[in-house]
Amino acid sequence: MNKKFIYIALSILSVAFMSSCRKDLLNQNATVSPNSNTFWLTEADAVTGLMGNYNEFRPCFDRDYHFDGHGDFLKMYNTGAAPISMTVNSPSAYGNGAATLYRELYGSINTSNYVIENIRAKLLPNAVTTASRQNLEAIIGEARLLRGIAYFRLISLWGDVPYIYKIVNAPIEVDTISRSSITKVKDSIYADFTYAAEKLPNRAAAIGRAAKPAALAFRGKLQLFWGSWKKHGWPELEGFQQSAAEARTAFEGAAADFNRVITEFGLNLFRGGAPGEWGEMGKADVLPNYYYMFIPSTGNPNADGEMLMVLTHGGNATGQSEEYMRVWTGVSVGLSQNQAIPRWELADRYQSTITGDFLPKMTQLNPSTNPAARTTPNSSVNPDSYKDRDYRMKATLLWDNEKIMGIGTTETTGFVAFRYKTWSGNITIDGVTYPAFNDNTTNLSGLQSRKFVRNYGGQNRSSGDYNWPLMRLADVFLMYAEATNEVNGPQPAAIALVNRVRARGKLPALAASKTANATAFFDAIEQERIVELFGEGQRAFDLRRWRKLETVFGAPYGAGKWFQDSWGNNWERFFFNADELVYQRCYIYQIPEAERVRNSNLTQNKPWR
């Protein structure tokens, strides 16, 4: 049976699978199973098996930016490539669009189980030295970390899910399995993360492999989410009970794990957290440090230790390349397709480098009807309105008259200038003429992306070697601040960490009013998560665990939320006159009906019955 149609990956790892670079192998039937007489005999075999595990795990997470399309600051036009493929990318209708991801996560889990069981049964009993045993246990730790992360994603989206801890060889083995309670699965995830934290080395064996800091960070994140669910409740998950006491315990555990990551391993933010240089308005030859963290030639993959865990890609001619540039920019840059568009509302989230606070909202003016729009103070199409703002804005976005390096198929072509609704021809700025940035007319917000977009040639739009950040130190700083704030309110150490994240945007330290109480400090943390983690797949999970969909999009049966462009035009509206069921179906996903047809013991989540 083809693995595409069953949620447990029945394809047993083959040597060909583990060494191949073909991108479509994840959807192939296995034709060769490793023979125990010739495989699973050496530590090298264990490493090869683990690499197969990473290969199965990677495509379940390396397009996580699609989840930002379910939030309030990114528009996603495409549904993604398998297995992350989402039926829709709307903020208000997505809970039934991830059946393929559900199946593929279990495929990754089955692969982890395969590695774990074979090492335990065939290699560990024959380990003759302490070093050999420790190495094999560390490999098991990595496989358990990958299994735990996959289950963490499953419970975050579907709540109660089947828990499978051993190799599945045939469909009948899982065709009658029931869903386990989220508490039981959470405890098993915690055990996996704990084993990994105990067995993994302090430093990863290679880029793309996990080490102890990643295991601790994910264990902390699991507890942070559990604390959020226990604090705010999850009424859509039948039987789930709120508990202030359990929430507090979880937040305390999360803070302890994050603190270890921060203090025990000598880690630091990219380039020491320094903001770098803004350069000049409208130019792109010099950009802030935050930009360089997200391009392979300068920051990614190790980013001076900030990247605690990344998902690697091979680049040209490997069959394991990534397509981030194709997604994140337009035709003028590598013939890309402009599938991810920052929403206009993001621009006003970038604070003043002078005051450290929000600036007055920009006035959205249409230059075709208002000739003075490009010179009117605080106008959305006046480039001066973007001066003296958080350096991460320059590293993340393009606005009118900003430039970006043009790329042909693989070669650089010189700078092109972005101007909203100017799809072709030339643009003259300060007496210099530039080709207009061509975004294929898909941009309806007035902004474009710079983050994730290479500024050098040599690779085409689909053959990049970028390594997707699955866990970053800046995220750990912010999660630590959130966890400690939940327990004891604003604490000096947590405030200092948030200020370190802000410093990379050349923002001053938080004003006293921003740390006066737990509510104010939470708002400051949320603000940093919005601008620091934009496009990295975090926002939708934050909104759901904080129960903030109604805060962002309006209450049921209300006017919903319009998204506009830089000219003041209404673009898209979500949750208009939506009833409670629409919101409920965003808070918990639908168990795929195809799985329930095959397995009558799989119950359905309450909002989808």
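These legends describe close-up views of a predicted model.

**View 1. Helices H12 and H13 pack against each other.**
Helix H12 covers residues 473–488, and helix H13 covers residues 492–503. Their axes lie 9 Å apart, at an angle of about 150°. Angles over 145 degrees count as roughly antiparallel, so H12 is roughly antiparallel to H13. The crossing of H12 past H13 is left-handed. On the H12 side, the contact uses Ala474, Phe477, Leu478, Tyr480, Ala481 and Thr484. On the H13 side, Ala493, Ala494, Leu497, Val498, Arg500 and Val501 meet them. By class, this contact has 10 nonpolar residues, 1 polar residue and 1 charged residue.

**View 2. Helix H12 also packs with helix H7.**
Here the axes of H7 and H12 are 11 Å apart. The angle between the two helices is about 40°. H7 and H12 are therefore oblique to each other. Their crossing is left-handed. H7 brings Ala217, Lys221, Leu224, Ser228 and Lys231 to the contact. From H12 come Val476, Met479, Glu482, Ala483 and Glu486. The contact of H7 with H12 has 5 nonpolar, 1 polar and 4 charged residues.

**View 3. The largest cavity holds about 180 Å³ of space.**
How many cavities of 30 Å³ or more does a search of the whole structure find? The search finds 7. In the largest cavity, 16 residues form the lining. Nearest its centre lie Phe61, Asp64, Arg153, Phe218 and Lys221. Which of the elements gives the most to the lining of the largest cavity? H5 does, with 4 residues. By class, the lining of the largest cavity has 9 nonpolar, 3 polar and 4 charged residues.

**View 4**
By class, the lining residues divide into 5 nonpolar, 2 polar and 4 charged.

**View 5. The largest pocket has a volume of about 520 Å³.**
The pocket is lined by 27 residues. Which of these residues are the closest to its centre? They are Phe73, Glu345, Arg349, Phe358 and Lys361. The elements that give two or more residues to the lining of the largest pocket are H14 and strand S11 (561–564). H14 gives the most, with 6 residues. By class, the lining of the largest pocket has 11 nonpolar, 5 polar and 11 charged residues.

How values were computed: Residues numbered from 1 in each chain as written. Predicted model: local features only at pLDDT ≥ 70, side-chain atom pairs only at ≥ 80, totals over all residues. Heavy atoms only, no water. Axes fitted to C-alpha atoms, helices over the stretch in contact; angles between N-to-C directions. Parallel < 35°, antiparallel > 145°, perpendicular 65-115°, else oblique. Left-handed = near helix turned anticlockwise from the far one by under 90°. Contact = heavy atoms within 4.5 Å. Nonpolar A, V, L, I, M, F, W, Y, C, P; charged D, E, K, R; others polar. 1 Å grid on protein atoms, 1.4 Å probe; cavity = no way out; pocket = protein on both sides within 12 Å on 5 of 7 lines; lining within 4 Å. Points joined across faces, edges and corners; volume = space filled by probe spheres on them.
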